[in-house]
Amino acid sequence: MINTFKSNFIRIIKMIIFLFLEVLLFFILSRHFGFILPNFRTAFIIILGLSIINVILWPIVSYLSLPFIVITLGFGTFLIDGLFIWCIGFFTTGVNITGFSLFTIPFLIGIINALLTIVLDIDEDSTYYRYVLKRNSENSNNSNSTGFIFLEIDGLARDILDEAIERGDMPTLKGWLVDGSHKLTTWETDLSSQTGASQAGILHGNNDNIPAFRWIEKINNNHIVSSNGFNDAALIESRISNGEGLLSFNGASRCNLFSGDAKDTLLTFSSFGSIRSLGSRAWYSLYSTPFFIARLLLLFIWDIILEFISRLIHLFKNIKPCLNVRGLFYYVARAGANVVMREASTFSLIGDIYSAKYDVIYTTYMGYDEIAHHSGIRDYDAFYALRQIDKQFKHINHAIKDVSRNYEVIVLSDHGQSGGPTFKQKYGITLNNLVEKFLPENVTVHGILHSNDDHFVEKVSLKDYALQSEKVESIISRTMDFRSKASSKMYFDELKNKKELFTGNKPIIDRLNDLSDKYNLDIHLPKDVISIENAQTIVLASGNLGLIYFTDWATRLSYEQIEDAFPGLIKGIASHPGIGFVMVHSSIYGTICLSGDNIYYMDDDKYVGNQFLEVYGENIVNHLKRTDSFDYVPDILVNSIYDDINDEVYAFEELIGSHGGVGGTQQAPFIAYPSSWSLDESLIGAVSVHKFFKKEIFSKWDEEN
């Protein structure tokens, strides 16, 4: 009782100070916005009058004018408040607000209001607008069943989470673990340890044919598919969705890559711009307060300032590894992910909680991933992002306690990140340059070696490669033909130990002919030689995973074909000290992995030389086999070396915190799930996470019914 009285008393004192400072700052600053107030009393009347009008009318006005507010990106709220102030002017002596001041004055008031709210640390959970939102929305669905809220922290590895909890950066999540309401586990990603593959698997239970964050589809005019392109995200979802995704059961998607078959989506890439996204009433939650956009602007600017300070600290302290390629656009990208998307996620989720309209809700917090890419996975700024995310969990938890419906919260990450200098920083060469080194000068190489667009759209386009029919026929006839006979197979098994096919500098045709003559093998070799006159090579990067495509051939090239066209390329890449392994398909031996002089025959599960794949975990072979079966697997798959002593990978992109391939903590995200749930097996791959979530949701609903 005493604590409640003390809390309310402090809140009242804060509000009095807040009102006084708001009027004072408005009175002082208004003249700089083209409007001079006659006295302090007039400033007080305007502020008080606007506050009263907003309290009474804003919930109704914002609801009716929501399309206008959304189209104007929230700045329409200032025009609406400008009309309110214009009305106040009729009852205030010496006040005549017209013209552009109808926008600038409400804008000034909004900035002052948001600034004081942040500085005075006025608890948003207790503001009037939260109560309005609750009163207008609570239990509109009148559902008695348990609701499920999934809070994803993009790119946070289990190890980094443990450190953040130990540092005191995530007290809300720590509280859930300490009080026994939640358990913590680690799961293992697929080979493509990035959001495109992980969210497809988690939300839709299907992430087949997604070999990386972006890839090339030879059969589709060599179109580059990028997971975060609006059109491409919709295309991917149309391929992976069966209509029974994680959110198909009366669910809502907030700030995700894919919708999970939710009927209501907000800021979701796969449905961005669609009617179901633009028509979502979740926008009302964002603009439940007239000063939301002002708050957003202040936090946005503050985050830009923090990024500038961070760069100075890295420079003066000579922190290594460090990126010096963060351009001006990154200021916007960082603040967009760490502020705009964060606030949008939280405000919309709180509205969803009060409405009780949706049974399963999933949102993504992107700030840590964006900052860790450029500042480092253990940098101060990265932990700062986690502190801000944990504050959102606190607000969400307060909203859950404030409603009658029961909600279960699940916190998870879609992948981790691995640290280390970039491949270029470590070895002075890019993957693009390494490939060019072993190609003829007349072969054009196009490379996309960055993913700074993880959370925002990048328009990636290449020329369409029109394949003429006669060229396709030539390509098809070029395929190696090995007719397996019992005697031939015996010799080939013996040859695997000798590695004769992969050694020497002779052209591949001569090497094959020598083997055929020496061992009397039944190998049928085509007589024509692949033309490289106009051959195009495209190199893509996804963290420390590289994809090399030869786009003048309509199908995946075999090891023998690549050696025929580009002698020494595969060996040259596989022998580089920064390359962990290379995966290609041999027409004779099946799929093989090479690392220096070592070979792994995937079909026979046999090493010749060192067992170089073991450093990537006990499930690496299964991950590679799965990727090898994809329709869009590259001609050459490359993964950087993993230094397990220093726990470093070397990204082919200019990112010092990376993910997309294998090696290190990028493969080890986490799940904090309710203690009442039952997890009896290891979770390997995103699809297994999807099945686990569905099992527990249905189990809970069956129990309640």
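This report walks through the fold, the cores and the cysteines of one predicted protein model.

## Ground rules

Because the model is predicted, local features need pLDDT of at least 70 and side-chain atom pairs count only at pLDDT 80 or more, while totals for chains, interfaces and linings use all residues. Residues are numbered from 1 along each chain as its sequence is written, and side-chain values use heavy atoms, with hydrogens and water left out.

## The overall picture

The protein chain holds 25 helices and 23 strands; these are DSSP runs (helices are H or I, at least four residues; strands are E, at least two), numbered from the N terminus. How much of the chain is buried? Of its 705 residues, 59% are, where buried means under 20% relative accessible area, exposed over 50%, and partly exposed in between (1.4 Å probe, protein chains only).

## Two nonpolar cores

A nonpolar core is a set of buried Ala, Val, Leu, Ile, Met, Phe, Trp, Tyr and Cys residues joined through side-chain atoms within 4.5 Å. The largest one here has 61 residues, and Phe150, Leu613, Leu624, Ile671 and Phe693 have the most contacts inside it. Helix α25 (residues 686–704) gives this core its largest share, 6 residues. A second, separate core has 47 residues, including Leu108 and Phe292.

Let's look at Phe150. Leaving out residues up to four places away in sequence, its partners include Leu246, Tyr362, Phe693 and Ile697; touching, or contact, means heavy atoms within 4.5 Å.

## The cysteines

How many disulfides turn up? The search of the whole structure finds 0, a disulfide being a pair of cysteine sulfur atoms within 2.5 Å. Cys593 is buried at 0% relative accessible area, whereas Cys87, at 37%, is partly exposed.
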